[in-house]
Amino acid sequence: MPAAEGQKPDISVNLCGIALSNPTVLASGILGISKEMLRRVAECGAGAATIKSVTLEPREGHNNPTVIAFEAGMLNAVGYSNPGVDEAVGEFQGIGELPIPIFASAVGTEAEEFAQVAARLMPCGFAALEIPLSCPHTPGYGILAGHGTPEATERITRAVRSVTDRPLFVKLSPNVPAIGEVALAALEGGADGISAVNTLGPGMIINVETREPVLDFKMGGVSGPALRPVAVRCVYDVAGALRRAKKRAPIIGIGGVACGRDAMEMIMAGATAVGVGTAVYERGIEVFRRIGDELRDLCGRLGIESLGEVRGAVLD
Ligand SMILES: Cc1cc2nc3c(=O)[nH]c(=O)nc-3n(C[C@H](O)[C@H](O)[C@H](O)COP(=O)(O)O)c2cc1C
């Protein structure tokens with residue numbers, strides 16, 4: 001039997017003063033579209049959860065098909081479909097009542113728009129805010145809008161910082177030459193933590209019968225197991241850059257985490273918490289409790305009493 005919550009080994013973590021009973025965080029864009037869905041995620045053992053990213057105006061996103069599974073994960077080009085900030089504020093009002101911390105996700109086309117969305121969302125009662133500067137497949141946003149550079153990262157982060165006192169996480173792309181520099185720019189702009197990473201690519205999957213790409217947008221971000229080694233290296237690079245710059249900021253390691261061993265790998269690379277996205281499709285919504293149980297069992301087997309003992313263990 002796996003150890004029960006509250007028992008040794010202790011897998012609780014602290015993210016900028018926010019207490020999580022275990023390090024799993026629902027990643028943005030997966031299930032986080034309503035308060036009721038987030039409640040389910042909480043019941044299924046997540047330590048925290050992130051809402052699907054919200055834009056100022058409603059967006060339809062890309063046409064279907066927007067998501068395809070393949071042997072090593074998923075390719076998606078959802079394109080930030082969402083009902084816009086007005087409807088999101090109605091949906092998430094009083095979100096602080098849920099039994100786990102819920103993180104907002106605000107996105108925009110330029111710094112001012114990010115700040116506007118964030119300013120509208122945060123009074124709902126979110127515990128923290130994440131801003132993705134890293135979508136690889138939505139024109140006008142993220143990488144396709146140049147938000148992945150250190151300069152843009154610092155500028156956008158600073159604009160958002162001015163509208164909220166809550167912990168601010170900046171979500172970075174793996175598709176940059178020096179992710180550590182981008183992370184330091186985010187901290188320079190006032191971020192409290194780093195979410196690493198968003199999807200990789202974009203990649204393409206072709207239907208050889210029809211001789212066409214499967215996704216309507218032709219290409220999409222790669223997530224799941226194919227992303228995991230890249231994401232672990234990104235967390236390692238960010239943690240190393242922070243350490244060399246003598247800065248302390250928690251990292252949420254995101255990308256292909258599907259089991260307790262994967263979570264441990266992220267933590268050893270320097271993560272405090274782990275995002276879980278694609279694995280929800282693979283293992284079901286119970287994945288959070290399962291990862292927590294597996295992580296406790298692994299800690300027990302490796303003689304680890306608390307995650308702080310091994311956080312960043314592979315860093316020099
Ligand atoms: C279908 C889908 C939709 C996503 N939508 C968002 C989103 O709205 N905002 C965001 O920041 N990331 C979004 N992501 C990226 C995930 O939050 C996560 O960073 C990425 O999938 C890697 O984690 P995973 O391998 O555990 O899925 C999305 C991913 C998928 C698969």
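This is a predicted model: local features need pLDDT of at least 70, side-chain atom pairs count only at pLDDT 80 or more; totals for chains, interfaces and linings use all residues.

At what angle do helix α5 and helix α6 pack, and how far apart are their axes? The angle is about 55 degrees, and the axes lie 8 Å apart.

**Helices α5 and α6**

- Helix α5 spans residues 179–188, and helix α6 spans residues 228–244.
- The two helices cross with right-handed geometry.
- From α5, the contact uses Ile179, Gly180, Ala183, Leu184 and Leu187.
- From α6, Arg233, Cys234, Asp237, Val238, Ala241 and Leu242 take part.
- Sorted by class, this contact holds 8 nonpolar, 1 polar and 2 charged residues.

**Helices α3 and α4**

- Helix α3 covers residues 111–121, and helix α4 covers residues 150–161.
- They pack at about 30 degrees, with axes 8 Å apart.
- Angles under 35 degrees count as roughly parallel, so α3 is roughly parallel to α4.
- The crossing of α3 and α4 is right-handed.
- Ala111, Phe114, Ala115 and Ala118 are the α3 residues in the contact.
- Their partners in α4 are Arg155, Ile156, Ala159 and Val160.
- The class count for α3 with α4 is 7 nonpolar, no polar and 1 charged.

**Helices α7 and α9**

- Helix α7 runs over residues 260–269, and helix α9 over residues 287–302.
- Their packing angle is about 70 degrees, and their axes are 7 Å apart.
- The range from 65 to 115 degrees counts as roughly perpendicular, so α7 and α9 are roughly perpendicular to each other.
- This crossing, too, is right-handed.
- Gly260, Arg261, Ala263, Met264 and Ile267 form the α7 side of the contact.
- Ile291, Glu294, Leu295, Leu298 and Cys299 form the α9 side.
- By class, there are 7 nonpolar, 1 polar and 2 charged residues where α7 meets α9.

**Ligand surroundings**

- How many residues surround the ligand, and which are the closest? There are 25, and the closest are Ser28, Ser53, Lys171, Gly256 and Thr278.
- Serine 28 places a polar backbone atom 2.7 Å from an oxygen atom of the ligand.
- Glycine 256 has a backbone N or O atom 2.7 Å from a ligand oxygen atom.
- For glycine 224, a backbone N or O atom is 2.8 Å from an oxygen atom of the ligand.

**Backbone geometry**

- Most residues other than glycine have a negative phi, and most peptide bonds are trans.
- Leucine 31 is not a glycine, yet its phi is positive, about 70 degrees.
- Leucine 31 sits in the loop between β3 (24–26) and α1 (35–43).
- Asparagine 64 and proline 65 are joined by a cis peptide bond, with omega near -5 degrees.
- Proline 65 belongs to the loop between β4 (48–50) and β5 (67–70).
- The peptide bond from alanine 196 to valine 197 is also cis, with omega about 20 degrees.
- Where is valine 197 found? Valine 197 is in the loop between β10 (193–196) and β11 (200–203).

Notes. Residues are numbered from 1 along each chain as its sequence is written. Side-chain values use heavy atoms; hydrogens and water are left out. Axes are lines fitted to C-alpha atoms, for helices over the stretch in contact, and angles run from 0 to 180 degrees between N-to-C directions. Helices (H or I, at least four residues) and strands (E, at least two) are DSSP runs, numbered from the N terminus. A crossing is left-handed if the near helix is turned anticlockwise from the far one by less than a right angle, and right-handed if clockwise. Contact means heavy atoms within 4.5 Å. Ala, Val, Leu, Ile, Met, Phe, Trp, Tyr, Cys and Pro count as nonpolar, Asp, Glu, Lys and Arg as charged, and the others, Gly among them, as polar. A residue is near a molecule or strand if one of its heavy atoms lies within 4 Å of it. A polar contact is a pair of N or O atoms within 3.5 Å; within protein, one must be able to donate a hydrogen and the other to accept it, and residues adjacent in sequence count only if both atoms are side-chain atoms. Angles under 35 degrees count as roughly parallel, over 145 as roughly antiparallel, 65 to 115 as roughly perpendicular and the rest as oblique.
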